[in-house]
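Please read them alongside the sequence and the coordinates.

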Amino acid sequence: MGGGGDGGWWWTGDDGSLKMEVAKVSMLNDLNTFSNNYSIRVKIVSISKKMMNNNKNEIYRLDMIFMDEMGTMIQASCLHKMLGKFKEFLHLDECLLITKPSLATNKSSAKYTKRNDKISLYFYTIVEKCFDWSGPKYRFNFVNLKDVVKNKFEVNIVIDWINYVDVCFNLEDTSKKDGSKGKRLNLRLEDIEGQKCPVTLWDGFAIDMFAYMNDKKREKYVVILCHFGMVNLYKGKRGVANGFELSRLFIDTDIEEISSFRKRYVEKISASSSSNDHVGSIVISSVQDEFLNNPDFMLIGFLGTISTTKKVLVVGTITAICTDKLWYYNSCNHCKSGVEERFVTKQNPDGSSDVYHEKSWVCTNDKCEGVDIYSIPRFKIPIRVQDSSGTVSLTLFDFEAYKILQKTAKELVSIQDQVVNSGEIPNPYPEIFDTLIGKRYAFIISVKDYNIEHQVENYGISMATNDDEILSALCAKFNLNQHEQSESLDVPDSCSLSTPVDLMKDEMSYCGDNVTHASQALVGTENPSSDETKRNIREVLDVDDALGCSPTKRRISDELYQDEDAGVSTLLIPKIEK
Ligand SMILES: [Zn+2]
């Protein structure tokens, strides 16, 4: 005798026991709680052990993610009491035919699938190996880095990501809430479009990745793929991470997705003009490495001969702070571009048809998507730097300036404001800048398109150091002292900048309310067109953005800016009468 229903049928066998044969394999999308009497054909695409709280050597539960042949996924688990029966089958990437599983409530905080339930392997479940898997090997749902960076995803949402590893930073120790120690690794990813994004890897993932990056036999262009990764908020910035036990990291693994990504990336690199300089994925573990491994040392006098955009190393003494340019700019709290205060037409809040005009900060970057923009002063200190071959104008940006001065631009602007409020004429720049003069520094500077095209001899500083060890190592490496000695007679006089200072003082006069905003003052003093100012500031930002790359730097700079209040500081700057 037999019976039907439940998608299968059962009968009493010769030995008297109840037999069941399942007629059809259900797809995960069709599962419901009406019955347990069905089969599924699945692949284990992720697996993780949860250990007993009181015995870290004993498994409490196996958590898994199953995928069916249509690529649909569901979470699954097997409790320790059932492990004896199933554990021989439960391995990563194994394909299984599972009969009579049960659906259980999914209580895990991370949702890997859209479902609120999960498959549970229980007493009546039967698991067999499946030898005729016809589904995909993996099913990824990659996100766009741009969408991550632009906050289009919620933090902690489960995502897949694949990208080129631009920079790998140092492996760091962390302490967890439960007092245990862990590891953290920060990297910077880049996609085909050139969008960069920070990534954080934790513990085992961090250790594996760091070991791979330091392996001399690794790929030049490292590509990593994270299955079941997450959107991460780290020190105030959106990025991606592995985040959960069920995350899976593929580092240059031989799978189609990685090899085709690398192929496309390398094609893009080879098509670009600066391909010769492209060294592939790099490991930056310290400031020292960044300086000592920098490929191109240049004497200042030869900077003008550079014909491709690149970063170069110069070593020289700071001889002056220029006073013909402002030492800071008002930056957008969202994108760091310059902001301008403009009158904006607004609707009257009382609902009447009246409109009114209100001053508000407007970002000069057309692509900025910030809302409620406010202004944060950031450094752009114009300095003159001299070596045995000449003197050049460099710009010291926010983070490097902070590192040296240990003061934020905001602090120094408010000191300047106080001077102005007390009715005195402030110095053209904060006194503390004078401590820079006469000091010898190594700089990594960016030679940009506009330097080359317009023969502008004013370069942005990416990194600065006057660390004795680094300087002497650089001197030894590039034979610098020999240059200095043999050419010391030709060193030009460094006081050429006193003239603009005097001119400024003579021409300075105060207008009625004494208030001019930085961006206007920039135009007033620097005298380029407004567009040019914007462009220069944009260039400034490119350089400065590149600074946010090392974990140490990112940490400090984020602390600096995370706590900025929304108050707009009004700057008092002497206006130049024309
Ligand atoms: Zn902006």
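1. Helices (H or I, at least four residues) and strands (E, at least two) are DSSP runs, numbered from the N terminus. On that basis the protein has 14 helices and 26 strands. This is a predicted model, in which local features need pLDDT of at least 70 and side-chain atom pairs count only at pLDDT 80 or more, while totals for chains, interfaces and linings use all residues. Residues are numbered from 1 along each chain as its sequence is written, and side-chain values use heavy atoms, with hydrogens and water left out.

2. Overall burial and surface. Buried means under 20% relative accessible area, exposed means over 50%, and partly exposed lies in between (1.4 Å probe, protein chains only). Of the 578 residues in the protein, 48% are buried. The accessible surface amounts to about 29300 Å², and carbon and sulfur atoms account for 49% of that area. These areas come from the Shrake-Rupley method with a 1.4 Å probe, and for residues only the protein chains shown count as cover.

3. Contacts along the chain. A contact means heavy atoms within 4.5 Å. Taking contacts between residues at least 6 apart in sequence, 68% join residues at least 24 apart.

4. The zinc site. Donors are N, O and S atoms within 2.8 Å of the metal (3.2 Å for Na, K and Ca); water is not among the atoms, so sites may look incomplete. Which residues supply the protein donors of the zinc ion? They are Cys332, Cys335, Cys363 and Cys368, each through SG, lying 2.3 Å from the ion. In sequence the donor residues follow the spacing C-x2-C-x27-C-x4-C. The angles among the four donor atoms run from 99 to 113°, and the site is tetrahedral; for four donors, that label requires all angles to lie between 85 and 135 degrees.

5. Cysteines. A disulfide is a pair of cysteine sulfur atoms within 2.5 Å, and a search of the whole structure finds zero of them.

6. Nonpolar cores. A nonpolar core is a set of buried Ala, Val, Leu, Ile, Met, Phe, Trp, Tyr and Cys residues joined through side-chain atoms within 4.5 Å. In soluble globular proteins, nonpolar side chains tend to be buried together. The largest nonpolar core here holds 33 residues, of which Ile381, Leu394 and Phe443 touch the most other members. Elements giving two or more residues to this core include β19 (310-321), β23 (375-387), β24 (390-397), α6 (398-405) and α7 (409-421), along with β25 (440-447) and β26 (458-465). Apart from this core lies another, of 26 residues, among them Ala206, Met209, Tyr212 and Val240.

7. Ile381 and Glu400. Leaving aside residues up to four places away in sequence, Ile381 touches Ile321, Trp327, Leu394, Thr395, Leu396, Ala401, Leu405 and Phe433. Glu400 lies in helix α6. Is Glu400 buried or exposed? Glu400 is buried, with a relative accessible area of 0%.

8. Asp252. This residue is found in the loop between β17 (248-251) and α4 (256-271). Phi of Asp252 is near 50°, a positive value in a residue other than glycine. Asp252 counts as buried because its relative accessible area is 14%. Its contacts, not counting residues up to four places away in sequence, are Tyr212, Glu219, Tyr221, Val222, Val223, Ile258 and Arg262. For Val223, 29 residues apart from Asp252 along the chain, the C-alpha separation is 5.4 Å.

9. Lys100 and Ser102. Lys100 sits in the loop between β8 (95-99) and β9 (102-105). Lys100 is not a glycine, yet has a positive phi of about 55°. At 25% relative accessibility, Lys100 is partly exposed. Ser102 is in strand β9 and counts as buried at 16% relative accessibility. Ser102 touches Asn36, Lys118, Ile119, Ser120 and Tyr122, again not counting residues up to four places away in sequence.

Methods
Four donors count as tetrahedral if all angles lie between 85 and 135 degrees; four count as square planar and six as octahedral if opposite donors are over 155 degrees apart and all others between 65 and 115; anything else is irregular.
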